[in-house]
Amino acid sequence: MACNTIRSAPSTPAPGPALKGYVRKSETDEILVRDWRNVSPETQIVTLQWPHTHSFYTLPGGATSPLLLTECVRQGLALLSHTVHDIPLDHRLGWEYARTTVARTALRPRSGPMTAELRITHTSVTRRRGGSVQLTALINSTVGGEHLGTAEIRYTTHPPAIYHRLRREYADAGRAFANALPPAPPAAPGLVGRDDPGDVVIAPTGTAHHWQLRTDTSHSTLYDHPHDHIPGMVLLEAVSQAAQAEFGERGPVVPFDFDTVFSRYVEFDAPVWIDVAPETPDVLGRDRLRVTGTQNGRDVFRTVVTCAPATTPGAAAPRVT
């Protein structure tokens, strides 16, 4: 039987480096969360450091990847799930859907690190018999006091017994990493909005609009510790890079709006195919694409991504939210 409850939060903030276990990061430099405070039982403010530069999320020309906001949201939700909603650290978290929209102007190059804030409201917390919990959160974010973006996330946590029953032989992260397919040769970095071939997560297949996901488990940001399945952040990066490749002849774009449904766990031991198709433009006429991931003949995720033309770094750009 399910019940909806939202519990009160303690008021003591926690320092960023002490939060490795809470935000699922092993490298201290990758921990963006600095502290949090309670607004109400449903709403908290999470404070993060928005870095001046980042080895992966800073793009050619100095602008910031829109997916840095998604990583901030991921860390903030993981933190609150444990500290506010009393979900044990050994539970495994997974996203069911994620809708994020980022303000293009907030991604411009900056002269130094900034403070980012996430105002996170959990609109539903459903606790199920056996210990699994389903949560829905609405997020509004700022960076340096400037509007950054919004998000809506639904995610589920499972205790070890249920997770291992769901995942069976795939539940072991060390074994999953050991069975990962060797990454295929990357797409040209410039085609997908990158400088470094090591940051490219898609590979050409010889068929237009059809890519193979690259899973380089040595990448220190995308895989800073062993995972039992391919992380959602890797899948969203593949969406972003596939969108860049799709519009390559027209010049660089900013994929600023992602509406994603994650339908299955994505395994390391079988190819993942990324297919791109046109979608109806949004109400302002901006380009949209439908990006679908399949593995073993089944859909594993689907994203509708909206793109706007990139502008010269630092130049004034129209607001896209």
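Student: Which backbone oxygen does the side chain of S141 reach, and at what distance?

Tutor: In this predicted model, the side chain of S141 reaches the backbone oxygen of G149 at 2.8 Å. A polar contact requires a pair of N or O atoms within 3.5 Å, and S141 itself lies in strand β6, which covers residues 133-143.

Student: Why is S141 called buried?

Tutor: The relative accessible area of S141 is 3%, and buried means under 20%, so S141 is buried. Leaving aside neighbours within four places in sequence, S141 is in contact with L69, E117, L118, E146, H147, L148, G149 and T150.

Student: What makes α2 roughly antiparallel to α5?

Tutor: Helix α2 (residues 67-83) and helix α5 (residues 232-246) pack at an angle of about 165 degrees, and their axes are 11 Å apart. Angles over 145 degrees count as roughly antiparallel, and therefore α2 is roughly antiparallel to α5. The crossing of α2 and α5 is right-handed.

Student: Which residues meet where α2 and α5 pack?

Tutor: From α2 come L67, T70, E71 and R74, and these meet M233, L236, E237 and S240 of α5. By class, that contact has three nonpolar, two polar and three charged residues.

Student: How do you know that A171 is buried or exposed?

Tutor: A171 has a relative accessible area of 7%, and the cut-off for buried is under 20%, so A171 is buried. A171 lies in the loop between α3 and α4, and, neighbours within four places in sequence left aside, A171 is in contact with R92, H164 and D228. From C-alpha to C-alpha, A171 and V46 are 30 Å apart in space, and they are 125 residues apart in sequence.

Student: What makes N296 exposed, and what is its phi?

Tutor: N296 has a relative accessible area of 57%, and exposed means over 50%, so N296 is exposed. Phi of N296 is near 55 degrees, which is a positive value in a residue other than glycine. N296 lies in the loop between β12 (288-295) and β13 (298-309).

Methods
Residues are numbered from 1 along each chain as its sequence is written. This is a predicted model: local features need pLDDT of at least 70, side-chain atom pairs count only at pLDDT 80 or more; totals for chains, interfaces and linings use all residues. Side-chain values use heavy atoms; hydrogens and water are left out. Helices (H or I, at least four residues) and strands (E, at least two) are DSSP runs, numbered from the N terminus. Buried means under 20% relative accessible area, exposed over 50%, partly exposed in between (1.4 Å probe, protein chains only). A polar contact is a pair of N or O atoms within 3.5 Å; within protein, one must be able to donate a hydrogen and the other to accept it, and residues adjacent in sequence count only if both atoms are side-chain atoms. Contact means heavy atoms within 4.5 Å. Axes are lines fitted to C-alpha atoms, for helices over the stretch in contact, and angles run from 0 to 180 degrees between N-to-C directions. Angles under 35 degrees count as roughly parallel, over 145 as roughly antiparallel, 65 to 115 as roughly perpendicular and the rest as oblique. A crossing is left-handed if the near helix is turned anticlockwise from the far one by less than a right angle, and right-handed if clockwise. Ala, Val, Leu, Ile, Met, Phe, Trp, Tyr, Cys and Pro count as nonpolar, Asp, Glu, Lys and Arg as charged, and the others, Gly among them, as polar.
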